[in-house]
Number of protein chains: 2
Amino acid sequence: MRLTSKGRYGVSAMVDINNNGKEGKPVTLAAISERQFISLSYLEQLFRSLRAGGLVRSIRGPGGGYLLAHPASEITIANVIQAVNEPIRTTLCENAVRGCHRGRRCDTHQLWDAMGKHIYRFLDAVTIEMVCQKEVDLNNLELKPVEDIVTEVRMEQKIAKVS
Amino acid sequence: MRLTSKGRYGVSAMVDINNNGKEGKPVTLAAISERQFISLSYLEQLFRSLRAGGLVRSIRGPGGGYLLAHPASEITIANVIQAVNEPIRTTLCENAVRGCHRGRRCDTHQLWDAMGKHIYRFLDAVTIEMVCQKEVDLNNLELKPVEDIVTEVRMEQKIAKVS
DNA sequence: AAAATACTTGACTAAAATACTCTGGTTTAT
DNA sequence: ATAAACCAGAGTATTTTAGTCAAGTATTTT
Ligand code: FES
Ligand code: FES
């Protein structure tokens, strides 16, 4: 779960679609580009990932564009960030070489693990819809209990499980 | 509040001092270097910051080394991370050019603001002592209410205020 | 059919941030 | 005096991120 400006752009774009694509009308990348000050080329790259992550649907040809693949209330910020960033660094340690101690866990392992969960719980509690509805107080959300959270699962996989 | 491996190293080093510097005996960087697999040069660079941040005290000459400048129960992870990372990026937007909209706030502003606070609240709730006491459950901490948190304040400043 | 719109893909480059090192000090205990 | 340790600046190397380019394909409109 990396937090980069790529993720920020991704969220901005998704929010833009939800705000501007009323009544099933697809939104073009060109329009998003203008409104959000993101270059068209870069958006294309972003939407490649969003599409692969199952978060948007595309319609080609004139009059085409992008639609959210699910209701805005069912797409979380975590979904978006996970989609646009690379596969996801695993447990921070098993695969990492530096910093982590060969074999046994270092003294700070728990800490970083807990921090990752803490961040994820927040991002997983906020939906695109909530960001659009400005009156929601994002500072006092009900978070899912720690036991229930499963980091590193993408929307596509969720869908696969459900069906 | 940046989350880099520099911060991780900083925390590891602080934890190491607390675990190994019993009874006021200073801990040498050489020792930390061996135990935590961090190069001596890099540690020297890190400790320059930790010292400047008022988090450690040093004793020079043979038999010297570093001591925590405060009880481990009073040093938070947020303190450490803020000390080792650069002055701090301001409000993410006023000064930022790209991504943010000139003049008025973008639609996702609230979100990133809330996320920053959420992360900070966690890091500010965990002390070096808690990391050392492995039995503490970092997944269910009491966090300070949002109103009370003041991000971007360094230990030195806190001290200045108190005295 | 032709043209225009808009998505699709892969590869590539540039810039910034990060991680890390090197060199040459200074202080102080023994 | 010597050695153990910290101190400080500047420098390099690597990695990551951000962003671009060029050459497509699908679909609709005229
Ligand atoms: S062993 Fe997992 S963070 Fe160090
Ligand atoms: S205006 Fe502050 S994040 Fe965009």
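**Exercise 1. Burial and salt bridging of Asp124(B)**

Determine whether Asp124(B) is buried or exposed in this predicted model, and identify the residue with which its side chain forms a salt bridge.

*Solution.* 
Step 1. The relative accessible area of Asp124(B) is 11%. The cut-off for a buried residue is under 20%, so Asp124(B) is classed as buried.
Step 2. The side chain of Asp124(B) meets that of Lys144(B) in a salt bridge, with an N to O distance of 3.2 Å.
Step 3. Asp124(B) belongs to helix H5 of chain B and Lys144(B) to the loop between H6 and H7 of that chain, so the pair ties together parts 20 residues apart in sequence.
Step 4. Lys144(B), at 44% relative accessibility, counts as partly exposed.

**Exercise 2. The surroundings of Arg121(B)**

State which element holds Arg121(B) and which residues it touches, leaving aside those up to four places away in sequence.

*Solution.* 
Step 1. Helix H5 (residues 109-125) of chain B contains Arg121(B).
Step 2. A relative accessible area of 14% places Arg121(B) among the buried residues.
Step 3. In chain B, Arg121(B) touches Leu143(B), Lys144(B), Pro145(B), Val146(B) and Ile149(B). Asn139(A) is also touched by Arg121(B).

**Exercise 3. The interface of chain A and chain B**

Describe the extent of the interface of chain A and chain B and the salt bridges found across it.

*Solution.* 
Step 1. Contact involves 40 residues of chain A and 41 residues of chain B.
Step 2. About 3600 Å² is buried between the two chains, and carbon and sulfur atoms give 63% of this area.
Step 3. The rule finds 2 salt bridges across the interface. One of them joins Asp107(A) to Lys134(B), at 3.2 Å from N to O.
Step 4. On chain A, the elements giving two or more residues to the side that touches chain B are helices H1 (5-20), H2 (29-36), H4 (77-84) and H5 (109-125). H5(A) gives the most, with 11 residues.
Step 5. By class, this side of chain A has 21 nonpolar, 11 polar and 8 charged residues.

**Exercise 4. The surface near DNA strand C**

Characterise the protein surface near DNA strand C by residue class and by the elements that supply it.

*Solution.* 
Step 1. DNA strand C is surrounded by 28 residues, the closest being Tyr66(A), Arg2(B), Ser5(B), Ser39(B) and Arg60(B).
Step 2. The surface has 8 nonpolar, 12 polar and 8 charged residues.
Step 3. At least two residues each come from helix H3 (40-52), strand S1 (56-59) and strand S2 (65-68) of chain A, and from helix H1 (5-20) and helix H3 (40-52) of chain B.
Step 4. Sugar or phosphate accounts for 59% of the atoms of DNA strand C within 4 Å of the protein, and bases for the rest.
Step 5. A polar side-chain atom of Arg48(A) lies 2.8 Å from a base nitrogen, and a side-chain N or O atom of Arg60(B) is 2.6 Å from a base oxygen. For Arg51(A), a polar side-chain atom lies 3.1 Å from a phosphate oxygen.

Conventions. Residues numbered from 1 in each chain as written. Chains lettered and ligands numbered in written order. Predicted model: local features only at pLDDT ≥ 70, side-chain atom pairs only at ≥ 80, totals over all residues. Heavy atoms only, no water. Near = heavy atom within 4 Å. Polar contact = N/O pair within 3.5 Å; in protein donor to acceptor, adjacent residues only side chain to side chain. Helix = DSSP H or I, 4+ residues; strand = E, 2+ residues; numbered from the N terminus. Nonpolar A, V, L, I, M, F, W, Y, C, P; charged D, E, K, R; others polar. Contact = heavy atoms within 4.5 Å. Buried area = accessible area lost by both parts, 1.4 Å probe. Salt bridge = Lys/Arg side-chain N within 4 Å of Asp/Glu carboxyl O. Buried < 20%, exposed > 50% of the residue type's maximum accessible area, 1.4 Å probe, protein only.
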